[in-house]
Amino acid sequence: MGQVLYDPSSTLSHMYFPTSAIVSWVYMLENGATTEIAMTGREGVLGMYMLMGGGKTQNQGIVQTTGQAIRLPVQVVLDAFSQGHEVQSIFWLFTRALITQMAQIAVCHRHHTLDQQLCRMLLLTLNRMDGDTIVMTHEVIASLLGVRREGVTMAAKKLMQEGIIRYARGRITVLDRSALAQRACECYGAIQREYERLLPQSTHCNH
């Protein structure tokens with residue numbers, strides 16, 4: 001957790017295919033403020049921009065949830081991508097879903113309450129992991145949402161009082177996922193439906 005896989009100053013040499021880890025794409029402003037613009041888990045790949053002739057990223061790729069991933073040299077992935085139509089197809093479908101996630105999260109940060117954003121983040125994280133317990137402190141959540149830690153603490157307290165989550169020592173256990181989904185904004189549903197439509201065989205959809 002917290003390991004930086006990519007940052008704007010480095011040239012990418014490997015691409016990662018998470019199997020149990022979850023990685024947040026985080027943008028950092030000049031003043032040090034940060035915001036998560038997307039997350040990737042076992043449904044996708046990290047480093048897609050390398051297949052588009054990029055070479056570098058403007059964001060940091062930071063491990064949000066500890067786990068494993070398959071790491072392959074960029075050239076190995078490029079060779080497979082250039083040779084197979086099926087490989088290209090699944091990569092492009094994932095890219096379309098990722099763009100939808102980025103766009104929807106941008107809308108979410110602008111138009112929805114912190115309570116709704118927290119629910120959306122927890123649900124997207126749960127969909128990329130097994131079990132119902134997320135290891136993440138209020139401070140980390142605040143940095144990913146680009147808000148004050150006190151705001152996250154208040155939002156989480158409401159969910160605890162309603163019996164939806166339990167929080168202790170940096171571990172958030174979701175007790176009622178359906179109630180959490182009801183309190184999330186429309187952005188969660190829009191993102192989820194797009195992943196289900198484009199990547200129906202993906203283990204992303206873990207209900």
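In what order do the strands of the open sheet stand, and is their pairing parallel or antiparallel?

Reply: The model shown here is a predicted one. Its open sheet has 4 strands, which stand in the order β1-β5-β3-β4 and pair in antiparallel fashion. Strands β1 (4-6) and β4 (34-40) lie at the edges; each has a single partner strand, so one side of each is left without a neighbour in the sheet. On average, neighbouring strands are turned by 40° against each other, direction ignored.

As a general point, the strands of a sheet pair through backbone hydrogen bonds, in either a parallel or an antiparallel manner. Here, strand β3 (residues 22-28) and strand β5 (residues 60-65) run antiparallel and are joined by 5 bridges. Within this pair, I22 has T65 of β5 as its bridge partner. Helix α3 (residues 114-126) packs on the sheet, where it touches β3, β4 and β5. The direction of α3 makes about 30° with that of β4.

Leaving aside neighbours within four places in sequence, L159 is in contact with L118, C119, L122, I164, I165, L180 and R183. In soluble globular proteins, nonpolar side chains tend to be buried together.

Note on methods:
Residues numbered from 1 in each chain as written. Predicted model: local features only at pLDDT ≥ 70, side-chain atom pairs only at ≥ 80, totals over all residues. Heavy atoms only, no water. Pairing = 2+ DSSP bridges. Helix = DSSP H or I, 4+ residues; strand = E, 2+ residues; numbered from the N terminus. Axes fitted to C-alpha atoms, helices over the stretch in contact; angles between N-to-C directions. Contact = heavy atoms within 4.5 Å.
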